[in-house]
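Q: Got a chain open here and want to go through it quickly. Can you walk me through some of the packing?

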Amino acid sequence: MSSSGPVFQNAVYVGINLENILYGIELVLYFRTMHILLLSKERPQKSDVFYAIFSSVMLLLITIWVSTQAIFGEKMWLEDTNFQADPTQYWAVERFSLIMTDGLMIYRCRMLWGSNRVVIVPAILWLSTLVLGIIVIWMSSSPGGNFFSGVAAQLGLAYYCVSVGLTAMLTGGDLLSHVESVLPYTLSGVAFLVSFGAGSDTSIAFACVYILMMCISPQMLILRVASGRGLNEETIKVISTRLTFVHGEVSGLTESRFGDSGATMFRTLASFPEEILSRILALCLESHLFPPRNRIATLLVSRQFFRIASPLLYHTLHFHSPRQASGALDTLIRYPALANAVRGLVFDAIWHDCASVLALCDYVQDLDITLDIGPGPNDVDAEAFCHVLERRHSIVHLTIRKDSTVYLTHPRPSYLLPRLAQAIHHWSELETVHFAFGVSYSSAMLPLARALTAAPRLRAVRTQVPVIWNNFLAVISTNPRLEKVTLYAEPGLGVIQNRLYQNASSAVIKGGLFCEDIENAVLGTGMYMMEAKKHTRLSELIRAGTFIIRTRAHTTISTLSMPTAGGTPLGTIRAKEVVVELLGSPDGSGTVITQPFGATRRHSTSDSLIS
């Protein structure tokens, strides 16, 4: 290997440039780690001091290395073109860095395994690298010595073989926590070892990357531990925990056995990793079994719980009154991080501050709007709200509701729906739309239907089954991306669910499955459903997403709704009840068929409601 040839010099040039890039990464990792260790920690641990000193010493060493490499390049290319390159006079820094990195890995291995026996062999190899490193430095720095030739090169090859082998052993034994940190160090060491063993002049470039990774890898590991994402002594003791119960209730402590001593350790819930705590607190905050005050009490347990649970509490905001919207607006302005955590917004009406709240929530995906009557023709609040809607491109799920006292001909719905149609043209991520009322093909709804036909990712539309036929859903069904249309009966028909499950022996469920929301199933003999079968595309979408009750007997809704002998007609609700009763009776002749979404359709033409 020539230490002054053109290939070697080009390799040095490439290596120095790579060093500068990796050195910048090291600076970012170091200052981020020190910020967490010194400023963000509520209760500094004893290990924080060690990690801070370790990180500072490693940064100092790598800074010396990068600086001397720059001097080395200056002498080679500017001062003396015939300069005999021998960087080994600066490589004492590399030896010390390697000893520190391997020592940290051995310490982590012993801590994670909880036994001294597992580090006996790594400790022997670590001492071997220490001795070989001293010998290599002495041989390379002696008169006439050169790291890239002679006995020094052979000892250097043995030194790096032992070092890389030790690194590979520790990485494989602790792959869970080292895969994103020490593994790059191991791979770069293997690359350098292969090129150096082959006597290639390019080995100096691999050596530059290897030495910088020698500093970056432990820094990544320390950053992960400091931020609470890596395994430490506290989390290791919690991995094999079990809850203890006192008089039938959770005592609030966990019991675990650690190491070979069999000592029983008790840890509080705060000792769990934050990923697990986040899941637990999410269930507590989302549970409807607890009143709102009890759910909010979770934030008062500790600062850690407050920090984890606050974004979860603001995941979905439901506004019932103008005062609530005003208070939420003040909070989101004061704490922008909470606004970034909002993913769902539910508005029971459009008030003055609703537009401002929506403007602050840049990452909202679920939007639920209830149409109200509004103040009159000059609706400033609705205009501001619609203006913000057109700038919200992250909407994925949209729900539109209206009160029974609100009609689409009222001023606010007549203004909101066309403006909403304009906003949908900008929502490239929209996937589902739910109309929580019976849709109609009115002048206000027509632009909305046309906008949904052009939605590039629209997959599902859900709405109450209309009483009479209209073309609203037929227009939306022309969207080629649409996969299903879910129709459900008006509220108040939950009695069908009880009757069907009571008479399950006489009911046939398509695909062998019982419908989970059978109370929302629609009758296939309604006016709208009978007309829908004339539209092929719409009928396919309805079959894909709607639970349908179909009768194949002489008893139908139409006949049951006819005047009886006494001249009193049956209502729709009572007619459906009678159908279920007849189908469940021993002498009744008929079959109930429901089509759940996702079930395999195995039926003949006569079984199909919409052919």
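Q: Which residues is His-434 in contact with, leaving aside neighbours within four places in sequence?
A: Leu-398, Thr-399, Ile-400, Arg-462, Thr-463 and Tyr-488. Keep in mind that this is a predicted model.

Q: Where is the place of His-434?
A: In strand β8, which covers residues 432–438.

Q: Is His-434 buried or exposed?
A: Buried. Its relative accessible area is 16%, and the cut-off for buried is under 20%.

Q: And the protein chain as a whole, what share counts as buried?
A: 46% of its 611 residues.

Q: Sequence separation next. Of contacts between residues at least 6 apart, what percentage join residues at least 24 apart?
A: 73% in the protein chain.

Q: On to helix pairs. At what angle do α10 and α12 pack?
A: About 55°, with the axes 9 Å apart. Helix α10 is residues 274–286 and helix α12 is residues 303–313. That angle makes α10 oblique to α12.

Q: Is the crossing left-handed or right-handed?
A: Right-handed, as α10 passes α12.

Q: Which residues meet there?
A: From α10, they are Glu-274, Leu-277, Ser-278, Leu-281, Ala-282 and Leu-285. From α12, they are Gln-304, Phe-305, Arg-307, Ile-308, Ala-309, Leu-312 and Leu-313.

Q: How does that contact of α10 with α12 split by class?
A: Nine nonpolar, two polar and two charged residues.

Q: Now α16 and α17. How do their axes cross?
A: At roughly 10°, coming within 9 Å. Helix α16 spans residues 380–389, and helix α17 spans residues 411–424.

Q: What does that make α16 and α17 to each other?
A: Roughly parallel. Angles under 35 degrees count as that, so α16 and α17 qualify.

Q: Which residues make the contact?
A: On α16, Asp-381, Ala-382, Glu-383, Cys-386, His-387 and Leu-389. On α17, Arg-412, Tyr-415, Leu-416, Arg-419, Leu-420 and Ala-423.

Q: What is the make-up of the α16 contact with α17 by class?
A: Seven nonpolar, one polar and four charged residues.

Q: Last one: is the α16 crossing left-handed or right-handed?
A: α16 passes α17 in a right-handed crossing.

Methods
Residues are numbered from 1 along each chain as its sequence is written. This is a predicted model: local features need pLDDT of at least 70, side-chain atom pairs count only at pLDDT 80 or more; totals for chains, interfaces and linings use all residues. Side-chain values use heavy atoms; hydrogens and water are left out. Axes are lines fitted to C-alpha atoms, for helices over the stretch in contact, and angles run from 0 to 180 degrees between N-to-C directions. Helices (H or I, at least four residues) and strands (E, at least two) are DSSP runs, numbered from the N terminus. Angles under 35 degrees count as roughly parallel, over 145 as roughly antiparallel, 65 to 115 as roughly perpendicular and the rest as oblique. A crossing is left-handed if the near helix is turned anticlockwise from the far one by less than a right angle, and right-handed if clockwise. Contact means heavy atoms within 4.5 Å. Ala, Val, Leu, Ile, Met, Phe, Trp, Tyr, Cys and Pro count as nonpolar, Asp, Glu, Lys and Arg as charged, and the others, Gly among them, as polar. Buried means under 20% relative accessible area, exposed over 50%, partly exposed in between (1.4 Å probe, protein chains only).
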